[in-house]
Amino acid sequence: MATVIARRIVGDVIERGWPVGEVIGSESDLLERYGVSRAVLREAIRLVENQQVAHMRRGPGGGLVVTEPTVDAIIDAAVLYLHRVNARLDEVFEARLVLEEVVTEMAPARLDETDIANLRQLIADEASGEIVDHRAVHTLLASITRNPALELFVDILNRVPVLYFRDPTAFTSTTFSASHHAHARLTDAVIAGDAGLARRRMRKHLEAEAEFLRNRRSSHQFLPDTVSLGGAVSNKRAEDVARAILHEVIVDELPYGYLLGSEGELIERYGVSRAVFREAVRLLEHHHIAAMRRGPGGGMFVTPPSVDAVTDVVAVYLARRGMKVADLAELRTALELVLADLAAQRITDEGRSRLHEALEAEKSVSEAEFADAGHDLHGVISTLAGNRALELVALVLIRLTRLHQIESLSDSARQKVADQVPRTHEGIAAAIADGDGELARHRLRRHLEVLAKYLR
Ligand SMILES: [Zn+2]
Ligand SMILES: [Zn+2]
């Protein structure tokens, strides 16, 4: 119920044109508007606070105030997820390379004269030492694609590697002059409209950077202090308890379903009040780290990681940025083609049986449900690509397109999708199982083109 109300609040904020700083209602206004209990409303408010849509201001003239979502909440959720699945730094680098290659493919055809002036100014500022943030060029190039989803994920993957280092300053200063030279050549190729050359230069530049960083000491066994589990509104004590439990889950590699303890035992172990403990449980449940099961034999259990917490904040952020479904579909296609290729290159016998299982599972889905539920194969392919960072991006995109599809597919389109998909999926899976990346890409591209036609 709280989730439904939270979604309605987000809808209302979007409808009002996202008026940052405006009060959209006092608690009693909202209780009346949504017709729910105070407990449900407060839970819903906690959710929209987590998503940085709005926050509750107490006192006279207070109420639910619209806020500006930032990338920070997404970074926190993404880092937490990558930490949880124990993603290696080289996976983050490979993911960054894949997305920035997509940027170099799109940017040359889309840039205008203002972009050219901005790029040249930025390179000049780098040369004179006025700009020392090496990410600025990458951010500007991504913005030239005019695809907010691509821009967002490039930004995230440029920031995440820094979190793997105890000494983040090593990340920026030493490589600086080499980076600047590479940036200048890269922007020349983009301005010249040579996507192939830009792509090769991007690859060379990012590989050099990855090589430099690989030689530094890094650690992914700790969660950086800068990463918050609960955003700005979190209770410090609750957050500490949640962090301690997360640490235990990761360091001891506790399996899913493992019983961490009963509520009473855990309250005693961490020496906190019941209210603080329940706040910690909310954070752990939100990030799919552990969940509380009530009743006899109940307690707190380790849960499998899920991309839901990331999807949640990404959906809100992109809605605020006015992203169109076409942007989503475009990025999803570009990314899935790379993933199909990687999956074909890295296929194993276990991978082949997972493909088989996914196809079998799709056969048991009824026709009516198929358009919504029949795309598990895409998720399996993103897993088989063997890169947890890319898998995260792909799963978020797949879920977001699915949300749009459910809203926009007509009944006749649904029927057509249900008719075509199983055979197409079989073809894609067969090419991957044979290790034939080119054929897998071709079949997947055709498939996604057909699906895109049904999207509004
Ligand atoms: Zn760079
Ligand atoms: Zn499909």
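1. Start with Leu335: leaving aside residues up to four places away in sequence, its contacts (heavy atoms within 4.5 Å) are Val98, Leu99, Leu390, Val393, Ala394 and Leu397. Keep in mind that this is a predicted model, where local features need pLDDT of at least 70, side-chain atom pairs count only at pLDDT 80 or more, and totals for chains, interfaces and linings use all residues. Residues are numbered from 1 along each chain as written, chains are lettered from A and ligands numbered from 1 in written order, and side-chain values use heavy atoms, without hydrogens or water.

2. Leu335 is also among the residues touching the most other members of the largest nonpolar core, along with Leu82, Leu141, Phe153, Ile156 and Val314. That core has 76 residues; helix 5 (residues 89-110) gives the most, with 11. A nonpolar core here is a set of buried Ala, Val, Leu, Ile, Met, Phe, Trp, Tyr and Cys residues joined through side-chain atoms within 4.5 Å. Buried means under 20% relative accessible area, exposed over 50%, partly exposed in between (1.4 Å probe, protein chains only).

3. Now the zinc ion (ligand 2): its protein donors are His378 (NE2), His425 (NE2) and His447 (NE2), 2.0 to 2.1 Å away. Donors are N, O and S atoms within 2.8 Å of the metal (3.2 Å for Na, K and Ca); water is not among the atoms, so sites may look incomplete.

4. His378 sits in helix 19 (residues 376-384) and His447 in helix 22 (residues 437-454), so this pair ties together parts 69 residues apart in sequence. Helices are DSSP runs of H or I, at least four residues, numbered from the N terminus. His378 is buried at 2% relative accessible area, and His447 is buried too, at 4%.

Notes. Helices (H or I, at least four residues) and strands (E, at least two) are DSSP runs, numbered from the N terminus.
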